[in-house]
Amino acid sequence: MQTILVLFGGVSPEHAVSLVSAEAVLRNMNKENRRILPVGITREGKWLLFGGDDYAEIANDKWEENPANKTAFLSPERGAGLCIVQGGSIETLPVDAVFPVLHGENGEDGSVQGLFQLAGIPYAGCGVCASAASMDKSVTKLIAATTGVRQAKWLTLHRAAFAADPDAMCRKIAETLGFPVFIKPCSTGSSVGVSKVKSADALQAALETAFRYDKKILAEEFINGREVEVAVLGNDAPKAATAGEIDAGAEFYDYETKYVTSTSTPYIPARIDGETMTAVRGWAVKIFTALGCAGLSRVDFFVTRDTNEIVFNEINTLPGFTPISMYPKMWAADGLPFPELIDRVIGFALEG
Ligand SMILES: Nc1ncnc2c1ncn2[C@@H]1O[C@H](COP(=O)(O)OP(=O)(O)O)[C@@H](O)[C@H]1O
Ligand SMILES: [Mg+2]
């Protein structure tokens with residue numbers, strides 16, 4: 001019998017997305033010879049072992065109200081496992097592996113991975129360093145540059161410099177990158193705080209928005225391209241699935257387009273020629289390796305509309321697992337159904 005702790009929710013702007021991903025992972029996970037411990041982290045950071053058996057309560061954001069929930073936490077003490085608070089005492093349950101179905105801050109950035117590491121519990125996905133480097137887009141860019149992949153021209157900008165002289169920052173962006181320009185926080189996901197700015201008069205407001213989420217942000221040259229995503233799976237010999245493509249059907253692939261409206265259309269495989277397909281899969285594995293990733297990641301690119309050039313955009317070490325998410329769909333299209341994909345991810349976690 002294998003005990004898998006599925007961790008979801010979290011103190012992150014992507015809390016709601018994690019709930020939807022978690023329901024899908026829990027529902028699709030093979031249950032034979034496996035005990036599943038679904039543990040949610042509330043928006044305030046409280047840990048609860050979900051006591052219900054209807055995973056829909058998680059996706060619907062009703063799980064916190066289940067009367068059978070129990071306060072539970074992972075102790076950093078090695079080998080302690082999951083600690084469950086029962087009245088005045090603590091019961092401990094050994095855990096074989098954790099599957100963190102968390103997105104963004106505190107879940108995808110190495111924080112919680114550090115806890116698993118201290119506790120000595122194997123976990124799905126990237127380690128502390130790769131998670132942290134992949135979550136911070138300015139750090140990701142520096143490491144990705146060592147592979148020689150093309151990236152959008154960028155500026156890394158700091159909140160303190162903006163506060164001191166916003167006009168100077170706006171001028172520098174306009175002179176260096178022109179318009180349209182993308183403004184994005186270094187450490188959010190799901191397009192939270194991201195703006196496409198078409199003219200100088202809208203720049204300051206976009207910077208203010210991004211700086212609300214992060215002290216460090218990026219200004220990026222606009223790339224007119226198809227959005228091509230590559231699912232990578234494995235540890236030392238990672239494999240890339242056939243790339244997919246998202247047509248946002250909107251100005252860009254923003255939060256609304258991702259999770260609220262349904263204007264976006266996925267294409268699996270991506271609408272690119274065979275040579276570009278081979279090349280983009282190769283870049284995905286190189287970037288995964290350069291960042292020191294493990295288990296899984298989704299590596300996102302643009303393929304320019306005019307010259308078919310591959311431009312690396314970003315990497316997601318805990319990609320979405322919602323019913324509309326690309327990562328599981330791309331593997332399914334390559335013949336690896338969701339339940340088997342989860343088994344593989346857990347297998348890589350146990351392999352260490
Ligand atoms: N330099 C760029 N050129 C064109 N579109 C961009 C650029 N940067 C981001 N975007 C658009 O914004 C979306 C979100 O940006 P992204 O860097 O992927 O951040 P997130 O981590 O929030 O997904 C992308 O999917 C794309 O639609
Ligand atoms: Mg993205």
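User: Why are H1 and H12 called roughly perpendicular to each other?
Analyst: The axes of H1 and H12 cross at roughly 95 degrees and come within 9 Å. Axes are lines fitted to C-alpha atoms, for helices over the stretch in contact, with angles taken from 0 to 180 degrees between N-to-C directions. Angles of 65 to 115 degrees count as roughly perpendicular (under 35 is roughly parallel, over 145 roughly antiparallel, the rest oblique), and H1 and H12 are therefore roughly perpendicular. The model is a predicted one, where local features need pLDDT of at least 70 and side-chain atom pairs pLDDT 80 or more, while totals for chains, interfaces and linings use all residues. Residues are numbered from 1 along each chain as its sequence is written, chains are lettered from A and ligands numbered from 1 in the order written, and side-chain values use heavy atoms, without hydrogens or water.

User: Which residues of H1 and H12 meet?
Analyst: Ala-24, Val-25 and Asn-28 of H1 touch Phe-338, Pro-339 and Ile-342 of H12, where contact means heavy atoms within 4.5 Å. By class, the contact of H1 with H12 has 5 nonpolar residues, 1 polar and no charged. Here Ala, Val, Leu, Ile, Met, Phe, Trp, Tyr, Cys and Pro count as nonpolar, Asp, Glu, Lys and Arg as charged, and the others, Gly among them, as polar.

User: What makes Met-29 count as buried?
Analyst: Buried means under 20% relative accessible area (exposed is over 50%, partly exposed in between; 1.4 Å probe, protein chains only). Met-29 has 2% relative accessibility, so Met-29 counts as buried. Met-29 is in the loop between helix H1 (15–28) and strand E2 (34–41). Among the residues that Met-29 touches are Phe-99, Ile-342 and Ile-346. The C-alpha atoms of Met-29 and Pro-339 are 5.1 Å apart, although the two residues are 310 apart in sequence.

User: Why is the pair of Phe-321 and Tyr-327 called edge-to-face?
Analyst: Rings of Phe, Tyr and Trp (its six-membered ring) pair if their centres lie within 6.5 Å; planes under 30 degrees apart count as stacked, over 60 as edge-to-face and the rest as tilted. This rule gives 9 aromatic pairs. For Phe-321 and Tyr-327 the centres are 5.8 Å apart and the planes at 70 degrees, so the pair is edge-to-face.

User: How is the pair of Phe-321 and Phe-338 classed?
Analyst: Phe-321 and Phe-338 are stacked, with 5.8 Å from centre to centre and 15 degrees between the planes. The pair links distant parts of the chain, 17 residues apart: Phe-321 is in the loop between E18 and helix H11 (326–333), Phe-338 in helix H12 (residues 338–351). Phe-321 and Phe-338 are both buried. Ring pairs link Phe-99, Phe-321, Tyr-327 and Phe-338 into a cluster.

User: How do you know that the charged end of Arg-271 sits over the ring of Tyr-267?
Analyst: A charge sits over a ring if NZ of Lys or CZ of Arg is within 6 Å of the ring centre and within 35 degrees of the ring normal. The charged end of Arg-271 is 3.7 Å from the centre of the Tyr-267 ring. Lys-286 lies over the face of Trp-283, 4.5 Å from the ring centre.

User: Is Ser-297 buried or exposed, and what makes it so?
Analyst: The relative accessible area of Ser-297 is 0%, so Ser-297 is buried. Ser-297 is in strand E17 (residues 295–304) and touches residues including Cys-126, Phe-288 and Tyr-327.

Methods
Helix = DSSP H or I, 4+ residues; strand = E, 2+ residues; numbered from the N terminus. Lists of a residue's contacts leave out its neighbours within four places in sequence.
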